[in-house]
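Here is a short report on a protein structure. Look at the model first, then read on.

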Protein chains: 2
Amino acid sequence: MSSARPGGRPSTSPPAFAELWRDLEPLGRDARSGGYRRFSWTEADARCRSWFTERATERGLATHADGNGNLWAWWGKPGPGAIATGSHLDSVPDGGAYDGALGVVSALAAVDLLQQKSFYPERPVVLGAFTEEEGARFGVACLGSRLLTGGIAPETARALAGDGGVTLAEAMTAAGFDPAAIGPRDDLLAGLAAFVELHIEQGRALAPLGSCVGVAEGIWPHGRWRLRFGGRADHAGTAELAGRRDPMLPFAHAVLAARQAAAARGGRATIGKVTAEPGGANAVPAQVTAWLDARAGDEAALAGTVSIVRSVSEKTAAEHGVTLDMRQESYSPPVRFDAELRDRIIGVLAAAGMAAPVLPTAAGHDAGVLAARLPAAMLFVRNPSGISHSAAEHADLADCEAGVRALAAVLEDLAGPAR
Amino acid sequence: MSSARPGGRPSTSPPAFAELWRDLEPLGRDARSGGYRRFSWTEADARCRSWFTERATERGLATHADGNGNLWAWWGKPGPGAIATGSHLDSVPDGGAYDGALGVVSALAAVDLLQQKSFYPERPVVLGAFTEEEGARFGVACLGSRLLTGGIAPETARALAGDGGVTLAEAMTAAGFDPAAIGPRDDLLAGLAAFVELHIEQGRALAPLGSCVGVAEGIWPHGRWRLRFGGRADHAGTAELAGRRDPMLPFAHAVLAARQAAAARGGRATIGKVTAEPGGANAVPAQVTAWLDARAGDEAALAGTVSIVRSVSEKTAAEHGVTLDMRQESYSPPVRFDAELRDRIIGVLAAAGMAAPVLPTAAGHDAGVLAARLPAAMLFVRNPSGISHSAAEHADLADCEAGVRALAAVLEDLAGPAR
């Protein structure tokens, strides 16, 4: 395999990373914002899927999709005790190039590195690319891994509708996938011994520590709530303020309450999506719908934050004759990654000369969903600005290449001869 | 003319009103909301235009469009000293059936009534249907009458862009109109002796007074401001609150400040349109754009309201590292309608047995724009709920028919033999 690659680079450098990266980079990129719009089951998504399948096939890996659209590429004969790695290819609206994609590209590049040094896995290595990790189209984060593990019922998932009202079932059908086939795959999970996800750091903890790679401790509990404030459309000039039922006012109170409640608990609260209907500049809106993303270091702090947003929203909605429908769209309990796997990874990296600090994270990941079913771990690659979910997200090439070397070392250890 | 109409109804009833109304009612109606989406230069708009031209032609009126897309239908030979009436056919998003359309339908029905009683105008009567009164597509209210009177420069208007980025010039071209022809028409205005606009009441002043028709005193000063809060996209989980530049927070402060400032001055402030970009539920938005509609009984109160919104927005934006770009999109100074014309109309209505109270209004109208150039007046038809700019807007048929009788009496007086 490595003989097919020209250049004769030293075995410690990942020759294919930059090339793979360049290849994937233009897919789903928005010309205006420079950010990505890789939403599941769209044309951009199909192009990313083809790209992954082709790159894996070139490397001699056997590929298939599970019924949930998650892609798998096997190095070595599929069988029990497999070591899985990978991440996702979808993005938030105008997201960065690294979130998700870095883990998939690094997995392919790590296989290159191991093949180049003529390593052959004792147990199979399988690369995964999960569907709809961001929940950008259908509102449920980690949808592909949740379906795989039974974390969401197939009938619930099929009925999820995106902004234009298209359901997951309709979108999958349009993309040539059978929505009747979605659901848990215990057979597949039973064959996996561990999952290691490499991901760009989301935040800025590694830079001050001078480390290019870190290891995840756990994931904060987090969730998403939809708040629908129902008022009454009216004329912006002639409707007296006192008689209005203006949903924009309790919404504004909810925004400020969310921030204050999260800050008081050292957590996070964000309202990044809001729609006012019908949206006339000279009319009181009939309805304002907003999405609250809330996270905290523990479940009590998270519940406290959400409870305050709910009570402030209820109180101010009532004051303005507005109705409130607040419902949880998704919830992820706290994750503590497998301590034994984590310590083994730290040891492997130390032996390779890499000091990898242990970091908590407030971001959800497919590794967090899989952690409920098998030992899982995460490697983080330094994000010098800490910016994430933005076109400005960035990691240096040297750090990405260090991440590939780290992942290759971990796979070599986990899939190599038993210790 | 009246001999062409079957039925032999008494001359005091407006036979054609209900028929005209039924005819226009389905055009541009949204099946889901039940409200109207008659936006200028769209297909719905073209259908409304054709409807008006055909109904006017059936009545023997000579129709033409001025360069701004405003439609005119002449009863009697076009010439100086004409009495103009009419309103507009466009709507706010999911607006009601009456706002604008009632004035156009009533003008046609009033001509029917006068033709039926064999009245022939001594001076020409001209019916107008103005373009983009609501500013729902291009953001500037009364765009057609402003262009006609020189209240907005043609090059400014041509460059106005709607939500999809389509400019007025492009939209007019697509609809088969020449955008090079827009601009003031002093020749046309010089031929008009008066303009009387009938409109559904927007508010609820007539119902408690037991009157079905009222007369306008004046129009509050009002305007529209666009606030663009520029922040930085970031991850909803991992970006610490303290380091964020979240534009949603100063926006929320602006919403609450606008309400409070308007309430303190007995005026109005409304934010009915807001967009958060890129709009991901798990990302801090990069930008929030909102439109403020503000009105007050006098210009000092209006300026005070806007000034408070600006200073609160600036202060809270700065606190969050967010930029603010706040600009006036339109401004309408106060209008006091011509007192002589108003008193003459009150007298005519009293003679016809209708007590018409004089009402102020906080809504802008084409009559307010034209009032700067010629004597103008408005008749209001009772709105029993006061709801406006909503699919729930309503007027009773009997009140609409009374409005037609009132308008016919006014036209008969103004266009009849000199007193």
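## About the model

This is a predicted model, where local features need pLDDT of at least 70, side-chain atom pairs count only at pLDDT 80 or more, and totals for chains, interfaces and linings use all residues. Residues are numbered from 1 along each chain as its sequence is written, chains are lettered from A and ligands numbered from 1 in the order in which they are written, and side-chain values use heavy atoms, with hydrogens and water left out.

## Two domains in chain A

Domain 1 covers 10-220 + 334-415, and domain 2 covers 222-332. These bounds come from an automatic or database domain assignment. The C-alpha centres of the two domains of chain A are 33 Å apart.

About 1000 Å² is buried between the domains. Buried area is the accessible area (1.4 Å probe) that two parts lose on being put together, summed over both. Carbon and sulfur atoms give 44% of it. On the domain 1 side, A:Arg146, A:Trp220 and A:Pro334 lose the most area, together 54% of what that side buries.

## Two chains

Chain B superposes on chain A by a rotation of 180° with 0.1 Å of shift along the axis (RMSD 0.1 Å). In chain B, the C-alpha of B:Ala252 is nearest the axis, 2.2 Å from it.

How values were computed
Least-squares fit on C-alpha atoms with pLDDT ≥ 70 in both.
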